[in-house]
There are 2 protein chains.
Amino acid sequence: MSGVSIATVSRVLNDYDDVAAETRERVLKLARDLEYTPTAAARTLVTQRSRVIGVVLFTGEGHPDLQHPFFQEVLVGLKHRVGGSGYDLLLFANDVSENGTGANSYLNRSRHHHVDAVALMGVDARDPEVQRLTSSNIPCVGVDLDVIGRRTGYVISDNDEGARLAVRHLHELGHTRIAVITGMTTTRPGVDRLIGYRAELEALGLPYLDDYVREGDFYFPSGYAGMQALLDLDEPPTAVFAASDVMAVGAIRAAQERGLRVPQDLAVVGFDDIQLAQLAHPALTTIRQDKVGLGAAAGDALLRMLERPDAPPPVTTLPVELVVRESTVAGANRGEARAQGGESRKRR
Amino acid sequence: MSGVSIATVSRVLNDYDDVAAETRERVLKLARDLEYTPTAAARTLVTQRSRVIGVVLFTGEGHPDLQHPFFQEVLVGLKHRVGGSGYDLLLFANDVSENGTGANSYLNRSRHHHVDAVALMGVDARDPEVQRLTSSNIPCVGVDLDVIGRRTGYVISDNDEGARLAVRHLHELGHTRIAVITGMTTTRPGVDRLIGYRAELEALGLPYLDDYVREGDFYFPSGYAGMQALLDLDEPPTAVFAASDVMAVGAIRAAQERGLRVPQDLAVVGFDDIQLAQLAHPALTTIRQDKVGLGAAAGDALLRMLERPDAPPPVTTLPVELVVRESTVAGANRGEARAQGGESRKRR
DNA sequence: TTGTAAGCGTTATCAG
DNA sequence: CTGATAACGCTTACAA
């Protein structure tokens with residue numbers, strides 16, 4: 001402490017205007033020279049705010065979402081957005097689903113660390129632990145997860161529209177026998193992509209056939225099996241919309257093993273636009289989700305809720321876009337390998 | 001406070017043994033009923049320990065490692081390991097590479113939040129900010145990053161041995177003209193994989209040809225271009241070791257476009273075993289890195305350093321394994337699509 | 001076995 | 001404009 005009182009230092013560091021310009025400079029310089037950094041813990045203790053946002057990202061043993069490249073990008077978007085406002089991210093560890101109300105339930109950990117808000121991803125909306133959290137008074141936002149509450153909103157891609165874009169694209173290419181391999185219908189994206197498929201068929205005046213709907217779970221084997229079943233039909237489809245890229249690759253594999261050529265004999269559209277889509281052979285036509293954008297939107301939602309505590313929790317839907325590659329249009333994508341980004345896109 | 005003093009409650013909650021069994025029960029029950037959770041900030045303030053581990057994961061704009069599925073898995077491993085010991089993870093946000101010594105240098109943020117240790121991933125070991133951190137007295141561990149310091153160690157895959165396994169495998173298949181497409185030689189993995197390639201050639205008595213070494217950068221286009229250059233040689237290789245799976249896929253694409261069949265005309269081995277390797281067509285023979293294991297090892301290293309502050313910082317090398325699939329052996333993998341895990345592996 | 005009290009590093013409310 | 005001083009919620013000697 002060189003010269004001035006501890007209280008004044010606090011004023012300077014917090015940008016209060018009631019401090020002499022000269023004093024301010026002196027303190028600031030010293031702070032810089034000493035590499036002084038205020039202690040977050042003490043500040044949190046007295047202000048009751050931590051400038052930290054909790055992230056619940058379920059990745060339990062055997063939980064498949066760990067494989068999903070999805071969350072990594074969402075995290076990046078979230079991190080960027082809230083980082084700009086001075087927030088850091090706290091990842092809740094030991095997600096070993098405890099007895100729910102244990103000492104390390106999500107809610108308790110949130111209070112323990114005094115996080116100002118929480119982002120939820122990859123969890124089950126019906127999990128009681130999650131519900132306890134979303135019905136608390138801590139601002140929450142679900143990503144790809146339709147949780148709601150007094151202080152809980154969510155962000156999600158326009159899955160319905162994405163499915164419609166996929167079907168419309170196939171129809172425009174002349175297909176009329178269009179099948180679907182769905183995602184898990186216990187998830188919102190799984191349901192919405194099926195709804196969109198159905199709605200677009202109807203809009204186009206195409207018949208909806210139960211035989212053309214195969215339930216999958218977003219993973220490769222279910223795409224593979226679903227396609228096999230479809231090809232066993234008396235009148236197999238000429239086009240398939242798979243509710244995930246990974247299932248689309250599975251479907252293509254099954255078709256190729258039966259000697260079908262993609263896209264000549266069978267057109268396939270995926271969903272997500274993960275890295276794999278670009279590198280697959282044939283490259284995948286797919287519905288692109290803006291993963292980083294979802295994270296950023298989640299951050300936005302939380303920051304807004306923190307700013308205006310009594311505004312209703314925002315619910316945000318992000319647009320998706322159709323990316324046309326070789327799995328629907330032969331040669332669509334020539335040269336992408338070298339030029340990255342030569343795909344044709346169509347914005348919703 | 002029902003019955004007993006605040007100090008006693010603290011004793012109970014911290015498992016001190018000098019408290020009456022009866023009192024303990026009473027307090028414990030009450031704590032449970034009231035869902036009481038001690039405030040981390042207050043505890044940190046007095047104990048000077050936070051039970052939080054900082055994670056520096058660089059994902060700046062345009063930084064390609066964002067695409068790498070690698071870090072996500074590492075994070076999961078780290079999270080599980082340290083979570084078991086009651087630690088949470090703090091992700092440092094706003095990685096906008098500031099002036100280095102700014103108010104939010106990594107070091108300052110670490111001190112600000114009082115993190116007990118730091119894990120570093122995806123950063124440049126030569127970054128002065130990183131060096132300031134690793135030369136502080138905060139325990140650090142680099143993942144795939146050979147940083148060292150008084151309190152800094154690292155964990156890394158056995159890249160050298162992985163490259164040797166790849167070359168040996170190709171040689172066992174009868175190949176003698178074996179080329180390599182390297183990773184960035186500014187990174188430790190990039191260098192070590194090249195060293196291993198060279199060492200194994202020598203061990204096998206095969207000649208080392210400059211023409212057979214193409215510098216890549218771990219990404220698809222460089223694998224594609226590298227392969228083209230190799231095929232333009234008077235005596236092109238019959239086998240290629242690519243230092244990443246993504247480059248391997250690029251190499252395969254280039255070969256296929258020239259009408260070569262993989263593996264009959266050209267055998268390809270990748271490195272990493274990302275999800276793509278299994279789903280590519282042909283499925284990729286590759287060197288598997290234990291990504292989750294790297295994260296866990298990093299956690300282990302940090303926990304050990306926290307436990308014994310004056311032990312030397314651990315440096316851990318994790319074994320890798322060869323996973324044989326279709327890009328080197330035709331039909332190696334028949335049925336994997338359905339049965340997941342039908343690959344043949346060979347442990348180092 | 002338990003209570004009292006000091007102190008961790010801040011911010012915030014008063015007086016000056 | 002600035003300095004005391006009381007919190008903030010805990011842990012930890014030191015007493016009792």
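**Entry 1: helix H2 of chain B**

I began with H2(B), where one of the 14 residues is buried, so the helix lies largely in the open. I count a residue as buried if 20 or more other C-beta atoms lie within 10 Å of its own, as exposed if 12 or fewer do, and as partly exposed in between, with C-beta atoms placed from the backbone. Helices (H or I, at least four residues) and strands (E, at least two) are DSSP runs, numbered from the N terminus.

This is a predicted model, so I took local features only at pLDDT of at least 70 and side-chain atom pairs only at pLDDT 80 or more, while totals for chains, interfaces and linings use all residues. Residues are numbered from 1 along each chain as its sequence is written, and chains are lettered from A and ligands numbered from 1 in the order in which they are written.

I then checked the length of H2(B), residues 21–34. Its 14 residues should span 20 Å at 1.5 Å a residue, and the end C-alpha atoms are 20 Å apart, which agrees. The expected span is 1.5 Å times one less than the number of residues. Just after H2(B), Glu35(B) has a positive phi of about 50°.

**Entry 2: helix H7 of chain B**

I turned to H7(B), residues 159–172. Is H7(B) enclosed or in the open? Ten of its 14 residues are buried, so the rest of the structure largely encloses it. I noted Asn159(B), Asp160(B), Arg164(B) and His169(B) among the buried residues. Leu165(B), Val167(B) and Leu170(B) are also among them.

**Entry 3: strand S5 of chain B**

Next I looked at S5(B), residues 152–157. Six of its six residues are buried, so the strand is largely enclosed by the rest of the structure. Both faces are covered. Thr152(B), Tyr154(B) and Ile156(B) are buried on one side, and Gly153(B), Val155(B) and Ser157(B) on the other.

I traced its partners, taking two strands as paired if DSSP finds at least two bridges between them. S4(B), residues 140–143, pairs with S5(B) in the parallel sense over four bridges. S11(B), residues 315–318, also pairs with S5(B) in the parallel sense, over four bridges. Tyr154(B) stands opposite Gly142(B), and its bridge partner in S11(B) is Val315(B).

**Entry 4: chain A and its helix H8**

I counted 13 helices and 13 strands in chain A. Of its 348 residues, 51% are buried. I took two residues as in contact if their C-beta atoms, placed from the backbone, lie within 7 Å. Of the contacts in chain A with a separation of 6 or more, 68% join residues 24 or more positions apart.

H8(A), residues 188–203, has 16 residues and reaches 22 Å from first C-alpha to last, close to the 22 Å expected at 1.5 Å a residue. Its buried residues include Pro189(A), Asp192(A), Arg193(A), Tyr197(A) and Glu200(A). What do the buried residues of H8(A) pack against? They pack against H7, S6, S8 and S9 of chain A. Just after H8(A), Gly205(A) takes a positive phi of about 75°.

**Entry 5: the two chains together**

I found 46 residues of chain A in contact with 47 residues of chain B. H4(A) gives the largest share of the chain A side, six residues. That side divides into 23 nonpolar, 17 polar and six charged residues. Nonpolar means Ala, Val, Leu, Ile, Met, Phe, Trp, Tyr, Cys and Pro; charged means Asp, Glu, Lys and Arg; the others, Gly among them, are polar.

S2(A) and S2(B) run antiparallel and are joined by three bridges. Leu91(A) has Leu89(B) as its bridge partner.

I superposed chain A on chain B: a rotation of 180° with 0.1 Å of shift along its axis does it, at RMSD 0.1 Å. The two copies are thus related as by a two-fold rotation axis.

**Entry 6: DNA strand C**

I found 22 residues around DNA strand C, the closest being Ser10(A), Ala42(A), Ser5(B), Ala7(B) and Ala20(B). A residue counts as near if its C-beta atom, placed from the backbone, lies within 6 Å. H1 and H3 of chain A and H1 and H3 of chain B each supply at least two residues. H3(A) gives the most, five residues. This surface divides into 13 nonpolar, seven polar and two charged residues.

Note on methods: Least-squares fit on C-alpha atoms with pLDDT ≥ 70 in both.
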